Amino acid sequence: MNGLEKFEESLRALKPRRPDSDAAERIEAHLRKERPAIQRRHMPHAWAAAALAACALIAVGVWFVTHAPPRQPAPRTGSVASALPLPRLEPTLMADLMALARSPEALDALLLEQAKTSLMPTHGSDILSPI
Amino acid sequence: MKSVLALMLTITLFSTGMAALEDAPSADLGQNAALRYWTAFALMSVPSSEQDKIIGQWKTAPMDDKAAEIIQQNRHALDYLQLAAEVKPCDWGIVQAGPDTPLPHLGKARQITRLACLRARYRFSRGDDVDGVRNLCAVLTLASQCDSGDSRTLISLLVKCAIQNAVVEAVSARLPRLDAKALKMLISQMDASPQHPDFAGALRVERKDFLGGFLRLVRGGDLAATQRLLDEMRDEKQIPRDWIPAGNATPEMAQQFSRQLEELDASYEHLIDAAGLPPSEFEGRTAMETKKLAETRNPFGTWCAPAVVGARYTSAKAETLMLMLRAAAAIVLEGPESLKNFKDPYGSRPLEYHAMQSGFELKSELLDKGRPVTLTVGGQSTK
């Protein structure tokens, strides 16, 4: 064992020493006496600081809500719609574009055909008459 | 300390209250014209085959009891159309689903336009010009709201143009005899919301949503989307048969379509840049792009070109007709010399004016199917 190893061995042997029991009791007694006084002295400041922080937080929140630039609405996407195979008469972009590829007249005819779906029966709008 | 806290609390409550007040209008979900339009659409009645024919011929149909019956059956729908036009924000709530994006409002808008034009003609025939023009102003608002926000596509642009053209036709025959109050109402509507069709904007949306939607699917190896494209392609007469792959969709075919759609996407960029050109020049640019795509036997160029070119002509014609109607209203109000205030949007000279026995005619340099776009004012009786 060389000198350095001896030194390391002695370092490993070192352990923290417990404080003297009498000293510990004295410190505890002192703290018990001081704590309420500290609390009494600092409480109003703590409450004011908390209220100020809360006001600041609310004000920042309000500012963000009212002044932040409007967010771009998230694009509406429909996984259900894209998963459904739709027949050509259905009013979809695809069906309309396919008709347009044939001719503008074909598109117009398709749109009018689409419009006829789910119309009210004749005289159906009379349901509003009593109002 | 208490007073400081009270002051802070007051400031906070006040600012929060003000914010709530500022937010209140946007929280009013009822202020959406689309909701009223849908009520109007839902109240349209199913026409009998005879009524359907009359509605289809609204420009020339006799204004008799049969026409009156159709108008009566659809009065609530048409009244709601009027109410919808009073609301500015319009959100159709379109759910973007690429090629399957549903656009059910466009067909309904075409149908209610025909009914409203029939009612306007009926009212003109009874000398009720103000209500007739009020109906048509509501239709003009519908036209612009069909092609706004999320709902903008090449299709909605064409529907907007068709609706505008219907209004032009409905009112131009009556224009020289129109009541002064009704005439001023029409002019103020046209001046308040100019109706220029945004062709470049429509192409941009088309590229992003339709072409982009298909490209994402095919690039991701979606065989169902590849098969759909294949089926549609096989139905198109103008695509050479030997450019279309044989058999059912395969991963290799998806790759091929993905590459071809990317080429089309690059062409779209050039077409968007050229969208402001007069239709004949735009047609030339489209032909160049189609030729480039044809060199690699890319079927998508041949497929899309007629629709895109047709839409450019349609939007230019609608723009010209609306300007002509505005010019015609000025001529009726102030005389033919007021024509100098209106420049032909697709010509180097002012619009041509020709007096007629019962009105006049305006002519543009813009050609539609080889003939100049012309507006006849008062040449045809509305009765």
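How many bridges pair strand E2 (residues 359-368) of chain B with E3(B), and in which sense, parallel or antiparallel? I shall return to that question once the setting is clear.

Good morning, colleagues. This is a predicted model, in which local features need pLDDT of at least 70 and side-chain atom pairs count only at pLDDT 80 or more, while totals for chains, interfaces and linings use all residues. Residues are numbered from 1 along each chain as its sequence is written, and chains are lettered from A and ligands numbered from 1 in the order in which they are written.

Let me start with the domains. Chain B is divided into domain 1 (31-195) and domain 2 (202-313), with bounds that come from an automatic or database domain assignment. Their C-alpha centres lie 33 Å apart. Nine residues from domain 1 of chain B and 10 residues from domain 2 of chain B make the contact; two residues are in contact if their C-beta atoms, placed from the backbone, lie within 7 Å.

Next, a pair of helices. Helices (H or I, at least four residues) and strands (E, at least two) are DSSP runs, numbered from the N terminus. The axes of helix H7 (residues 129-146) and helix H8 (residues 154-172), both of chain B, come within 8 Å and cross at roughly 165°. H7(B) is therefore roughly antiparallel to H8(B), a term for angles over 145 degrees. Axes are lines fitted to C-alpha atoms, for helices over the stretch in contact, and angles run from 0 to 180 degrees between N-to-C directions.

Among the residues that meet are B:Val133, B:Leu136 and B:Leu140 in H7(B), and B:Val159, B:Ile163 and B:Val167 in H8(B). The contact of H7(B) with H8(B) comprises 12 nonpolar, three polar and one charged residues. Here Ala, Val, Leu, Ile, Met, Phe, Trp, Tyr, Cys and Pro count as nonpolar, Asp, Glu, Lys and Arg as charged, and the others, Gly among them, as polar.

I turn now to the sheet. Three strands of chain B form an open sheet in the order E1-E2-E3, with antiparallel pairing. Its edge strands, E1 (352-356) and E3 (371-377), each pair on one side only, and the twist averages 25° from one strand to the next. Two strands pair if DSSP finds at least two bridges between them.

To answer the opening question, E2(B) and E3(B) pair in the antiparallel sense over six bridges. B:Lys363 has B:Thr374 in E3(B) as its bridge partner, and B:Leu362 stands opposite B:Leu375 in E3(B). Their hairpin has two residues between the strands, and B:Lys369 takes a positive phi near 55° there.

Finally, helix H14 (residues 299-334) of chain B lies across E2 and E3 of chain B, running at about 155° to E2(B).

Definitions and conventions: Parallel < 35°, antiparallel > 145°, perpendicular 65-115°, else oblique.
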